[in-house]
Amino acid sequence: MELLELKWTKNFKKLYQTKDSKWTGETDKIGEHIKLHWRNQNSRDENNANEPGKGELIILRQYGVITHIVRLIDDKFNTELMDKDEFNIYRSVEVIWVTNDWNCPPSTSIFFASGVHFPANGKVYQIEKLKAFKQRWGEGRLIEFQHYLQQELEKY
């Protein structure tokens, strides 16, 4: 797994929560193509959904842990009719890493400064601009972060 295109992170949760599972994507397999939705209430998230470029990678976070890394396979958002119209846009992504331990996925605090909260909304954020990244890694150290993440995720 090569993470040099890893530049983004996004909070990710089930659109409709059920008692069966708290995790989104428990059955996603490496290589599987999925739709990664944005909330897009009143068309506010369309620009955000288009920010990452085709081929770039996104860390997907749920409940303070990392569950997936995905690669964007399209270059702009798509629309979809949904029961909840506010989640009507998505990007097509390929799963390139998924935790193999759903009982104990890696905590974000392994990779970022602990005690610093990530934005909980479903927008994408550039990793280098996050306070949690800067406090742990400093300025301009994305490559070191990518290598460290790659080594650590091989354990999960």
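Trainee: Is Phe112 buried or exposed?

Mentor: Buried means under 20% relative accessible area, exposed over 50%, and partly exposed in between (1.4 Å probe, protein chains only). Phe112 has a relative accessible area of 1%, so Phe112 is buried. This is a predicted model: local features need pLDDT of at least 70, side-chain atom pairs count only at pLDDT 80 or more, and totals for chains, interfaces and linings use all residues. Residues are numbered from 1 along each chain as its sequence is written, and side-chain values use heavy atoms, with hydrogens and water left out.

Trainee: How many aromatic pairs does the structure hold?

Mentor: A pair of aromatic rings is described by the distance of the centres and the angle of the planes. Rings of Phe, Tyr and Trp (its six-membered ring) pair if their centres lie within 6.5 Å; planes under 30 degrees apart count as stacked, over 60 as edge-to-face, the rest as tilted. The structure holds 6 such pairs. Phe112 and Phe118 are edge-to-face, because their planes lie at 85 degrees, with centres 5.0 Å apart. Phe118 is buried too, at 17% relative accessibility.

Trainee: Which aromatic pair is tilted, with 55 degrees between the planes?

Mentor: Trp137 and Tyr148, at 5.6 Å centre to centre. Trp137 is buried at 9%, whereas Tyr148 is partly exposed at 25%.

Trainee: Which residues form one aromatic cluster?

Mentor: Phe111, Phe112, Phe118, Phe133, Trp137, Phe145 and Tyr148.

Trainee: What sits over the ring of Trp38?

Mentor: A charge counts if NZ of Lys or CZ of Arg is within 6 Å of the ring centre and within 35 degrees of the ring normal. Here the charged end of Lys10 sits 4.6 Å from the centre of the Trp38 ring.
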